[in-house]
Amino acid sequence: MRRGPVLRAIDRALRHVLGEHAFRVVHMSIQHNHLHLLVEADDKAALSHGMRSLTITAARAINRVLGRKGRVFAYRYNAKPITNPRQMRNALSYVLNN
């Protein structure tokens, strides 16, 4: 996922989602077979809609690039609200140091 056409497909999917004002990707880390994202959303509905939009757009783009069909992401996203500065520091460290 970190090289060539797949990386460009993920980048296009992220740019598509950036137009949604209630959902923002703050930081990301692209791993070999998954993504780490820190996102902000105005509410739970905006988070759900933004993540759904991102995963569908990215999956379609990745499948198109690889010439395949089917699921790209095996699991639904894992949302954990960040409620204090220490959690934010740990989350940033986890995402950016992976």
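The legends below describe a predicted model of one protein chain in several views.

**Conventions.** The model is predicted, with residues numbered from 1 along each chain as its sequence is written, and side-chain values use heavy atoms, leaving out hydrogens and water. Local features need pLDDT of at least 70 and side-chain atom pairs count only at pLDDT 80 or more, whereas totals for chains, interfaces and linings use all residues.

**View 1. Elements and overall dimensions of the protein chain.** The protein chain holds three helices and two strands, where helices (H or I, at least four residues) and strands (E, at least two) are DSSP runs numbered from the N terminus. Their order from the N terminus is α-β-β-α-α. The radius of gyration is 14 Å, close to the 13 Å that the globule rule gives for 98 residues, so the protein chain is as compact as a globular protein of that length. The radius is taken over C-alpha atoms, and the rule is 2.2 Å times the number of residues to the power 0.38. Along the principal axes, the C-alpha atoms fill a box of roughly 45 × 30 × 20 Å.

View 2. Of the 98 residues, 28% are buried; buried means under 20% relative accessible area, exposed over 50%, and partly exposed in between (1.4 Å probe, protein chains only). The protein chain exposes about 7200 Å², and carbon and sulfur atoms supply 53% of that area. Accessible areas come from the Shrake-Rupley method with a 1.4 Å probe; for residues, only the protein chains shown count as cover. There are 17 positive and 5 negative side chains, with the centres of the two sets 13 Å apart. Lys and Arg count as positive and Asp and Glu as negative, while His and the chain ends are not counted. Each charge is placed at NZ of Lys, CZ of Arg, CG of Asp or CD of Glu. Among contacts (heavy atoms within 4.5 Å) between residues at least 6 apart in sequence, 54% join residues at least 24 apart.

**View 3. The hairpin of β1 and β2.** Strand β1 (residues 23-30) and strand β2 (residues 35-41) run antiparallel and are joined by seven bridges; two strands pair if DSSP finds at least two bridges between them. Four residues lie between the strands of this hairpin. Valine 25 stands opposite valine 39 in β2.

**View 4. Surroundings of phenylalanine 23.** Phenylalanine 23 belongs to strand β1. This residue counts as buried, at 2% relative accessibility. Leaving aside neighbours within four places in sequence, phenylalanine 23 is in contact with Val17, Val39, Glu40, Ala41, Ala46, Leu47, Gly50 and Met51. Phenylalanine 23 and alanine 46 are 23 residues apart along the chain, and their C-alpha atoms are separated by 6.0 Å.

**View 5. Alanine 79, lysine 80 and proline 81 in a loop.** Lysine 80 lies in the loop between α2 (44-66) and α3 (85-96). Alanine 79 and proline 81 lie in the loop between α2 and α3. Alanine 79 is partly exposed at 44% relative accessible area, lysine 80 is exposed at 64% relative accessibility, and proline 81 is exposed at 68% relative accessible area. From C-alpha to C-alpha, alanine 79 is 8.9 Å from leucine 47, with 32 residues of separation in sequence. The C-alpha atoms of lysine 80 and alanine 22 are 17 Å apart, at 58 residues along the chain. Proline 81 and valine 39, 42 residues apart along the chain, have C-alpha atoms separated by 9.9 Å.
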